[in-house]
Amino acid sequence: MRISRRTFAAVAVVLVPLSACGSGGDDGGSADASGEVEGNITFQTWNLRANFKDYFEGLIADFEKKYPGTEVKWVDQPAEGYADKISADAAGGTLPDVVNVSPDLVAPLAKAGLALDLDKAAPQYRKEYLEGAWASHEIPGMTGTYAFPWYLNTGPLFYNKSLFKKAGLDPDQPPKTYDEVFSAALQIAQKTDGEVATLANVPTIEDFGRYGVPLMNKEGTGFTFNDAKGVELLTKYKELYDAKALDPQALTATPESSGKKFLTEAVAMNPGSALDLGNFKKQAPNLYKNIGITDQITSTGHVNMYVMGVMVNAQTKQKPAAVAFAHYVTDAAHQMSFAKQVAIFPSTAGSLDDPYFTKEDGTDETRVRVAAAKSLKNAVNYTPVLFSEQMKVELRNAVARALQGKESPKEALDNAVKACDRLLQQQG
């Protein structure tokens with residue numbers, strides 16, 4: 001149910017959906033991408049060929065027809081080991097001209113001078129995209145934007161109206177901020193003698209972001225989620241954990257186990273997708289008829305988005321063609337056509353106002369799509385682009401120590417920040 005950035009890349013597109021230290025530190029000469037759109041370029045995607053071969057072959061054929069004299073070679077890499085493959089290509093000077101990336105994969109490439117700064121090379125395109133999506137490929141401590149935003153995803157939150165009602169809460173007024181969730185969770189736990197938890201997952205870096213915690217300094221040299229507001233959030237979660245308002249098994253929860261808890265009505269709220277609604281309909285009809293759908297919890301007014309991007313290799317010999325193709329893949333028309341094949345959302349401004357994302361037709365799929373699209377218009381990618389998988393583990397371990405009472409919330413977060421800062425320095 002909780003989608004990680006890496007899982008999103010592999011899972012969102014199938015639906016059922018680095019430490020590159022290349023040589024150099026400049027952008028391989030001029031950032032100017034004007035000039036004749038011609039020549040041969042290579043385009044690399046991330047685990048997309050199996051399900052979308054016809055779509056991409058058609059898109060490439062249309063591009064080559066629009067720009068005679070161009071030829072696009074498409075290569076697709078498996079989900080497993082994608083970051084390592086990019087790292088090896090960057091080090092070996094074999095990085096493709098146009099590359100499908102997530103923000104965390106862009107960061108080391110930008111630092112190594114291998115990702116083209118679009119604010120310099122193609123600033124005219126910025127206005128075509130949602131502000132939050134464009135900003136997701138900015139790198140702390142650097143100026144510029146290093147990939148076109150491509151498809152987005154987010155998930156609404158499901159809640160069990162029946163459990164809310166039994167606890168004396170208004171089932172038609174679900175909590176929207178963290179304070180409201182904490183209050184409702186304690187009430188549900190109290191009314192059910194700890195039998196029903198409200199949340200099944202420990203807080204992640206996105207939760208700290210949505211709570212309003214500053215996550216990193218502007219220079220990109222250190223993490224800051226151990227400030228007073230971060231400690232406050234973890235202290236609240238400790239209170240929930242002690243009251244059994246946070247599921248006792250949250251420390252070892254997986255998306256599957258959290259989903260099962262919600263399915264069996266042992267948990268009152270959980271993120272999910274249209275696929276989950278379909279499962280509820282078949283496996284838990286009583287839950288299905290009591291399902292409420294609301295936005296992700298946030299105290300900032302902005303939900304979290306997951307974003308994929310399309311990066312141009314700064315060293316490409318065919319800069320005009322590479323930029324033109326990266327823009328073509330991610331323009332409004334092509335994003336819209338891709339979104340109709342897979343449960344993702346376009347990052348282009350205005351696209352989310354299309355009836356496809358605003359009008360319900362009575363189906364579960366549309367119900368979830370409309371709810372998610374509405375929240376994406378001003379969504380933010382909270383996870384710092386420099387926050388690695390190892391850092392996520394450090395934070396998770398620190399949260400576990402605090403919830404178990406082995407360290408105070410402040411000690412746990414201080415230690416997590418120290419560990420993450422050490423890992424950050426090792427990235428170079």
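**Figure 1. Right-handed crossing of helices α12 and α17.** In this predicted model, helix α12 passes helix α17 in a right-handed crossing. Residues 274–283 make up α12 and residues 364–376 make up α17; their axes come within 8 Å and cross at roughly 140 degrees. That angle makes α12 oblique to α17. On the α12 side the contact is made by A274, L277, G278 and K281, and on the α17 side by D364, E365, R367 and V368. Sorted by class, the residues of this contact are four charged, three nonpolar and one polar.

**Figure 2. The six-stranded open sheet.** The strands of this sheet follow the order β2-β1-β3-β8-β4-β9, and their pairing is mixed. The edges are taken by β2 (70–77) and β9 (345–346); each has a single partner strand, so one side of each is left without a neighbour in the sheet. Within the sheet, β3 (residues 98–101) and β8 (residues 306–312) run antiparallel and are joined by four bridges. In this pair of strands, V101 stands opposite G309 of β8.

**Figure 3. Helices α4 and α14 lying across strands of the six-stranded sheet.** Helix α4, residues 103–111, lies across β1 (39–46), β3 and β8. Its direction is at about 130 degrees to β3. Helix α14, residues 319–330, lies across β1, β2, β3, β4 (148–153) and β8. The angle between α14 and β4 is about 25 degrees.

**Figure 4. Contact between helices α2 and α14.** Helix α14, which lies across strands including β4, also meets α2: the axes of α2 and α14 come within 11 Å and cross at roughly 130 degrees. The two helices are therefore oblique to each other. The crossing in which α2 passes α14 is right-handed. From α2, the residues L59, I60, D62, F63 and K66 meet A321, A324, F325, Y328 and V329 of α14. This contact of α2 with α14 has eight nonpolar and two charged residues, with no polar residue.

**Figure 5. The stacked aromatic pair Y55 and F338.** The count of aromatic pairs in the model, with ring centres within 6.5 Å, comes to 31. In the pair formed by Y55 and F338, the rings are 4.9 Å apart centre to centre, with 25 degrees between the planes, and the pair is stacked. Y55 belongs to helix α2 (residues 49–66) and F338 to helix α15 (residues 332–339), so the pair ties together parts that are 283 residues apart in sequence.

Figure 6. Three bridges pair β5 (residues 157–160) with β6 in the antiparallel sense. The bridge partner of L157 in β6 is P271.

Notes: Residues are numbered from 1 along each chain as its sequence is written. This is a predicted model: local features need pLDDT of at least 70, side-chain atom pairs count only at pLDDT 80 or more; totals for chains, interfaces and linings use all residues. Side-chain values use heavy atoms; hydrogens and water are left out. Axes are lines fitted to C-alpha atoms, for helices over the stretch in contact, and angles run from 0 to 180 degrees between N-to-C directions. Angles under 35 degrees count as roughly parallel, over 145 as roughly antiparallel, 65 to 115 as roughly perpendicular and the rest as oblique. A crossing is left-handed if the near helix is turned anticlockwise from the far one by less than a right angle, and right-handed if clockwise. Contact means heavy atoms within 4.5 Å. Ala, Val, Leu, Ile, Met, Phe, Trp, Tyr, Cys and Pro count as nonpolar, Asp, Glu, Lys and Arg as charged, and the others, Gly among them, as polar. Two strands pair if DSSP finds at least two bridges between them. Rings of Phe, Tyr and Trp (its six-membered ring) pair if their centres lie within 6.5 Å; planes under 30 degrees apart count as stacked, over 60 as edge-to-face and the rest as tilted.
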